[in-house]
Amino acid sequence: MAEPAALVDLRSDTVTRPTAGMRRAMADAEVGDDVYAEDPTVRALEERTAALFGHEAALFVPSGTMGNQIGMRLVCEPGQEVLCDADAHVVTYEMGAAAAIFGISTRTVVSDRGRLDADALIAQVRPKGDWHLTATAAIAVENTHNRGFGRVQPLAELEKLWRWSRDAGVAVHLDGARIWNAHVASGVGLDTYGRLADTASVCFSKGLGTPVGSVLVGSAERIATARLWRKRLGGGMRQVGVLAAACLYALEHHLPRLGEDHEHARLLAAKLGVDPASVETNMVVLDDVNAPVLAEAAKAQGVLVSQVSPTRVRLVTHLDVDATGIDRAAAVLTELLAR
Ligand SMILES: *Cc1c(COP(=O)(O)O)cnc(C)c1O
């Protein structure tokens, strides 16, 4: 009997499984107790990531959510606000953590599918020291933008916001869960992106394909405080060099191949009649579809997609989907869309 074809899982780039090489690196990792800051592999990852982004220090955290929330807390006091776009991950998918845990208020500005508009954000900033107004302590920026379907933020907008923020005394936090994809797509250096933020959280468990792990970067002083917050939140982990080893492996082996995912996404778009120019990184959007029906029918044929709204479906390419998988997904979806 023929083997059933493998599932093509395009729901998210979080679904990847560690490769054989990554598992070997994990098995061979030198470890210690990271709450004592004695895990050499975690320290190596932190130093390497800080250097990549041009920051003094870094902290390994279990998730991007923890990285973002601690990052925002470092630049915003309880009773102050963080300003961001209305579709930002930090206010959409992080369970109200800023308010629930830190007493941080958030205010949002509607954007064009997540595109950073520095002027629109700046116009909403409220000054510190006013007797009536909630002070805007920080602005959070997301790059690439998740709900903006992998949009890469324009460097000119990031620079404009940064320059303004220095004079205004407002901090910038970067949600860089997929900053790797932005870097590969735009050619802008990770250090350039890093230097345009006071704090940045970057994920290894998305396109880079590790089972877990994010790193928060910032000044040495801020990261020392972040270490306290991590412990307070229950994120102090022990011999996690096994996880950091996966992240170091991913920097070496998976970062250089991210462009393949972008190529696959453009290919998939072209096959599905979506303008490939609308695909900036590793996500393709199908609009005006019956999302539940399409998703169910595709699943029955071994292709998993994610429903972002009743009429919109998202396809995300990653390490575990090769050209054959893209062809299969395209064939299945083309047939279903023609029905
Ligand atoms: C995935 C993601 C995060 C972090 O998610 P975790 O599941 O907590 O690791 C943060 N921001 C964006 C834009 C993301 O896509």
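1. The largest cavity is lined by Val141, Leu158, Val172, Leu174, Tyr193, Leu196 and Ala197. A cavity here is a set of points, on a 1 Å grid over the protein atoms alone, where a 1.4 Å probe fits but cannot get out; lining residues have an atom within 4 Å of a point. The lining holds 7 nonpolar, no polar and no charged residues. In this scheme Ala, Val, Leu, Ile, Met, Phe, Trp, Tyr, Cys and Pro count as nonpolar, Asp, Glu, Lys and Arg as charged, and the others, Gly among them, as polar. The volume of the largest cavity is about 60 Å³. Volume means the space filled by probe spheres set on the points, with grid points joined across faces, edges and corners.

2. Some notes on the source. This is a predicted model, in which local features need pLDDT of at least 70 and side-chain atom pairs count only at pLDDT 80 or more, while totals for chains, interfaces and linings use all residues. Residues are numbered from 1 along each chain as its sequence is written, and side-chain values use heavy atoms, with hydrogens and water left out.

3. How many cavities of 30 Å³ or more does a search of the whole structure find? There are 2.

4. The UniProt annotation "modified residue: N6-(pyridoxal phosphate)lysine", from an unreviewed entry, covers Lys206. UniProt positions are given in the numbering used here, feature names are shortened, and annotations may be inferred rather than shown by experiment. In the model, Lys206 sits in the loop between β7 (199-203) and β8 (214-218). Helices (H or I, at least four residues) and strands (E, at least two) are DSSP runs, numbered from the N terminus. Is Lys206 buried or exposed? Lys206 counts as buried because its relative accessibility is 13%; buried means under 20% relative accessible area, exposed over 50%, and partly exposed in between (1.4 Å probe, protein chains only). Leaving out residues up to four places away in sequence, Lys206 touches Asp13, Thr14, Thr16, Ala177 and Arg178. Contact means heavy atoms within 4.5 Å.

5. Thr144 lies in the loop between β5 (136-142) and α7 (155-168).

6. For residues 9-283, UniProt lists "domain: Aromatic amino acid beta-eliminating lyase/threonine aldolase" in an unreviewed entry. Over this range the chain is 42% helix and 15% strand, and the end C-alpha atoms are 13 Å apart.

7. The whole structure has 3 aromatic pairs. Phe102 and Trp229 form an edge-to-face pair, 4.9 Å centre to centre with 85° between the planes. Rings of Phe, Tyr and Trp (its six-membered ring) pair if their centres lie within 6.5 Å; planes under 30 degrees apart count as stacked, over 60 as edge-to-face and the rest as tilted. This pair links distant parts of the chain, since Phe102 is in helix α5 (residues 97-102) and Trp229 in helix α10 (residues 220-232), 127 residues apart. Phe102 is buried, with a relative accessible area of 5%, and Trp229 is buried at 17%.

8. The rings of Trp180 and Phe204 are tilted, because their planes are at 50°, with centres 5.3 Å apart. Trp180 lies in helix α8 (residues 179-186) and Phe204 in the loop between β7 and β8, so the pair ties together parts 24 residues apart in sequence. Trp180 and Phe204 are buried. Phe53, Trp180 and Phe204 form one aromatic cluster.

9. In α8, Ile179, Trp180, Asn181 and Ala182 are buried. The buried residues of α8 pack against α2, β6 (171-176), α9 (190-195), β7, α11 (241-253) and α12 (258-271). After α8 comes Gly187, with a positive phi near 80°.

10. Ala37 has phi near 55° and lies in the loop between α1 (20-27) and α2 (40-52). With a relative accessible area of 22%, Ala37 is partly exposed. Asp288 has a positive phi of about 55° and is found in the loop between β9 (283-286) and α13 (291-300). Asp288 is exposed, at 75% relative accessible area.

Definitions and conventions: On a 1 Å grid over the protein atoms alone, a cavity is a set of points where a 1.4 Å probe fits but cannot get out, and a pocket is an open set with protein on both sides within 12 Å along at least five of seven lines; lining residues have an atom within 4 Å of a point.
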